[in-house]
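Dear colleague,

Please find below the structure I promised to hand over, together with its sequence. My notes on the strands follow it.

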Amino acid sequence: MPQVHHLSKTDARRIAVRAQLLSAPRPTDLRAVVRQLYAVQVDLVNAVAPSPELVCWSRLGPAYRPGELEDLVAAGELVELSSFLRPADDIGLFRAEMALWPGREPLRDWEIAQAEWFDANFLCRDDILAQLRADGPQPAAAFEDTCEVPWRSSGWTNNQNVVRMLDFMAARGEVAVAGRDRSGARVWDLAERVYPETETVPDAEAVAERDRRRLTSLGIARGRAAELPSGERNDAGRAGEEAVVEGVRGRWRVDPEQLGQPFRGRAAILSPLDRLIFDRKRMTELFDFDYQLEMYKPKAKRRWGYYALPVLYGDRLVGKLDAKTDFDRGVLRVNALHRDVDFTAAMTSAIDREIASLARWLALDLDWSAS
């Protein structure tokens with residue numbers, strides 16, 4: 001009978017923090033960081049710095065030079081798929097899924113609807129491919145909307161026919177994001193000119209390997225979690241080994257390589273989309289941390305700020321940093337440092353140093369006057 005590991009919450013948190021490269025000492029190689037993290041979410045909000053940049057700085061600190069991720073994309077070492085940056089040679093793990101678009105049988109109603117809309121607008125798909133072959137990489141705005149059936153949505157994509165067509169073509173492996181322009185808009189090209197040549201890993205094998213790599217990155221995760229619209233799951237499937245966490249209901253999957261490893265913590269300032277805390281349910285269960293990204297809330301209803309950054313110290317999430325870059329004045333303005341626990345002198349010193357390091361990394365002076 002498979003062994004079930006019994007973990008304290010402290011054990012579970014330390015496994016999660018260490019797997020996400022947020023313990024001490026810091027890593028030193030960006031490529032190794034991205035490979036361990038498995039996927040880095042792309043987000044263009046720039047209240048402090050774009051989320052992918054913050055994620056890398058949180059791990060590497062001053063060793064990360066702003067823009068290095070973009071350099072790796074331009075060099076073909078990283079590719080963007082479903083709004084996540086991934087090592088380019090991992091694309092072989094997605095080719096079988098692309099060939100199965102719109103999904104694995106039995107198809108769900110929304111998958112059938114997507115396929116029907118795509119088929120009804122197949123000539124638009126052909127037009128996009130022809131333009132890319134003739135003219136090279138293009139943003140979505142460069143393509144004429146030749147769809148005969150409009151895309152219907154109750155959300156922000158309503159009638160955005162070209163954008164939806166490109167998304168579906170990317171899911172099918174026909175086009176790919178070649179980069180982003182100065183405004184942050186995706187620039188599209190033929191997938192064969194973006195992705196490296198790789199063998200197609202069979203579907204079942206690819207799913208299992210992606211589960212394994214995701215668990216290696218997370219350290220500990222539920223075997224099945226709610227499916228998110230983010231393009232990357234938060235669960236581990238059958239990867240790893242079974243575990244229970246003291247004081248938390250249900251079973252978990254844990255990376256056995258992380259069990260029994262030493263832990264030395266440090267202070268870290270995190271992006272709101274950092275994978276350590278992006279699964280808010282797991283964050284609450286393991287870290288007992290109360291947090292929401294409040295940028296979409298009315299100002300009067302915000303508790304911590306427009307783009308508050310979670311603060312990690314050791315294996316605990318201990319507060320939120322409400323800060324904003326002001327490039328006109330050349331400062332990183334600290335509006336507040338919300339403390340969830342009483343800070344010791346050592347915590348205060350370490351966290352203040354990390355905030356100062358963030359300002360230096362952004363090449364800004366640090367302004368605490370608003371706090």
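How many bridges join strand β5 to β7? This is a predicted model, and in it strand β5 (residues 138–139) is joined to β7 by two bridges, with the strands running antiparallel. Within this pairing, Q138 stands opposite W188 of β7.

Strand β7 (residues 186–190) also pairs with strand β6 (residues 175–180), again in the antiparallel sense, over five bridges. Here G179 has V187 in β7 as its bridge partner. The two strands, β6 and β7, form a hairpin, and five residues lie between them. In that turn, G184 has a positive phi of about 95 degrees.

A second region deserves a separate description. Five strands form an open sheet with mixed pairing, in the order β11-β12-β13-β14-β15. Its edge strands are β11 (267–269) and β15 (365–367), each of which pairs on one side only. On average, neighbouring strands of this sheet are turned by 30 degrees against each other, direction ignored.

Inside this order, strand β12 (residues 309–313) pairs with strand β13 (residues 316–326) in the antiparallel sense, over five bridges. One of the residues involved is L312, whose bridge partner in β13 is L317.

With kind regards

Technical notes:
Residues are numbered from 1 along each chain as its sequence is written. This is a predicted model: local features need pLDDT of at least 70, side-chain atom pairs count only at pLDDT 80 or more; totals for chains, interfaces and linings use all residues. Side-chain values use heavy atoms; hydrogens and water are left out. Two strands pair if DSSP finds at least two bridges between them. Helices (H or I, at least four residues) and strands (E, at least two) are DSSP runs, numbered from the N terminus. Axes are lines fitted to C-alpha atoms, for helices over the stretch in contact, and angles run from 0 to 180 degrees between N-to-C directions. Buried means under 20% relative accessible area, exposed over 50%, partly exposed in between (1.4 Å probe, protein chains only).
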